[in-house]
Amino acid sequence: MDKKLETDNLEMRLQALENQIHGERRNKSGKPLKCAESLARIQAGLTSTANKRERVKILHKKIEDLLKYLDPQFTDHITVPDAMKLEFILAEEDFLLSQAALLEQVSNMQPLLDSNYIRDVPEHATKLQRLSQIHIKEQDQTEAQSLEVKKLFEEYNKMMFLLSKQFTQWDETLRKLEEAKGIRPVE
């Protein structure tokens, strides 16, 4: 059912495309022109023409050679002589030797890569994931505790400020009373 629907949809789209390309033109029998039919006719004409002409037949036989000549590496092969390639390699000799030394170090360290520690990484990964989740949870708790402590410090500072202000007021009131009675303040 779906395939028939898809086929019908595709045919409608193809018909709309053909109408856009050919318009309302019709073939000799009065049917609308079909792109596929036109292309098939053109292909048949080109094939018959190619088969009749000897030069085209030869060209088809040499197409592999043409593709080889069109390859960008072919031009490098022709234009860069072997001596030049050797010079390129010798110019990069230090780099190649350093890379070879690094590769040798890697091959010497291969037993380390095959060790039990490396093989156990997946097992440790699950433990590490669990520990990471615990760590994140504890970070959240620490942040909440920090906010609570900060809030308590702010309240403490506010209380100390208010107490200090109250004591200052009491001291001022006491000094005024002592001055009024003529008592000297004790220093």
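Read along the sequence, the chain runs α-α-α-α-α-α-α-α-α-α. That comes to 10 helices and zero strands; helices (H or I, at least four residues) and strands (E, at least two) are DSSP runs, numbered from the N terminus. The model is predicted: local features need pLDDT of at least 70, side-chain atom pairs count only at pLDDT 80 or more, and totals for chains, interfaces and linings use all residues. Residues are numbered from 1 along each chain as its sequence is written, and side-chain values use heavy atoms, with hydrogens and water left out.

**Confidence**

- The mean pLDDT (the predictor's confidence in each residue, from 0 to 100) is 83 for the chain.
- A score of at least 70 is reached by 89% of the residues.
- Helix α10 (residues 121-181) has the highest mean pLDDT among the elements, at 93.
- Helix α5 (residues 72-79) has the lowest, at 72.
- Where pLDDT is low, the predicted coordinates should not be read in detail.

**Burial and surface**

- The chain has 187 residues, and 4% of them are buried.
- Buried means under 20% relative accessible area, exposed means over 50%, and partly exposed lies in between (1.4 Å probe, protein chains only).
- The accessible surface of the chain is about 18,000 Å².
- Carbon and sulfur atoms account for 61% of that surface.
- Accessible areas come from the Shrake-Rupley method with a 1.4 Å probe; for residues, only the protein chains shown count as cover.

**Nonpolar patch**

- A nonpolar surface patch is formed by V149, F153, Y156, M159, M160, L163, F167 and W170.
- Together these residues have about 850 Å² of accessible area.
- Patches take residues with over 30% relative accessible area and no salt bridge; like charges are joined within 9 Å, nonpolar side chains (Val, Leu, Ile, Met, Phe, Trp, Tyr) within 5 Å.
- F153, one of the patch residues, sits in helix α10.
- F153 counts as exposed because its relative accessibility is 52%.

**Aromatic pair**

- The structure holds one aromatic pair.
- The rings of F167 and W170 are edge-to-face, because their centres are 5.5 Å apart and their planes stand at 75 degrees.
- Rings of Phe, Tyr and Trp (its six-membered ring) pair if their centres lie within 6.5 Å; planes under 30 degrees apart count as stacked, over 60 as edge-to-face and the rest as tilted.
- Both partners lie in helix α10, three residues apart, about one turn of the helix.
- F167 and W170 are both exposed, and both belong to the nonpolar patch.

**Salt bridges**

- The count is three salt bridges, each a side-chain nitrogen of Lys or Arg within 4 Å of a carboxyl oxygen of Asp or Glu.
- E123 and K127 form one of them, at 3.7 Å from N to O.
- These two residues lie four apart in helix α10, about one turn of the helix.
- E123 is partly exposed at 45% relative accessible area, and K127 is partly exposed at 38%.
- D171 bridges to R175, with the closest N and O atoms 3.0 Å apart.
- D171 and R175 are also in helix α10, four residues apart, about one turn.
- E172 bridges to R175 as well, with the closest N and O atoms 3.6 Å apart.
- E172 and R175 are about one helical turn apart because three residues separate them in helix α10.
- Shared partners join D171, E172 and R175 into one network of salt bridges.
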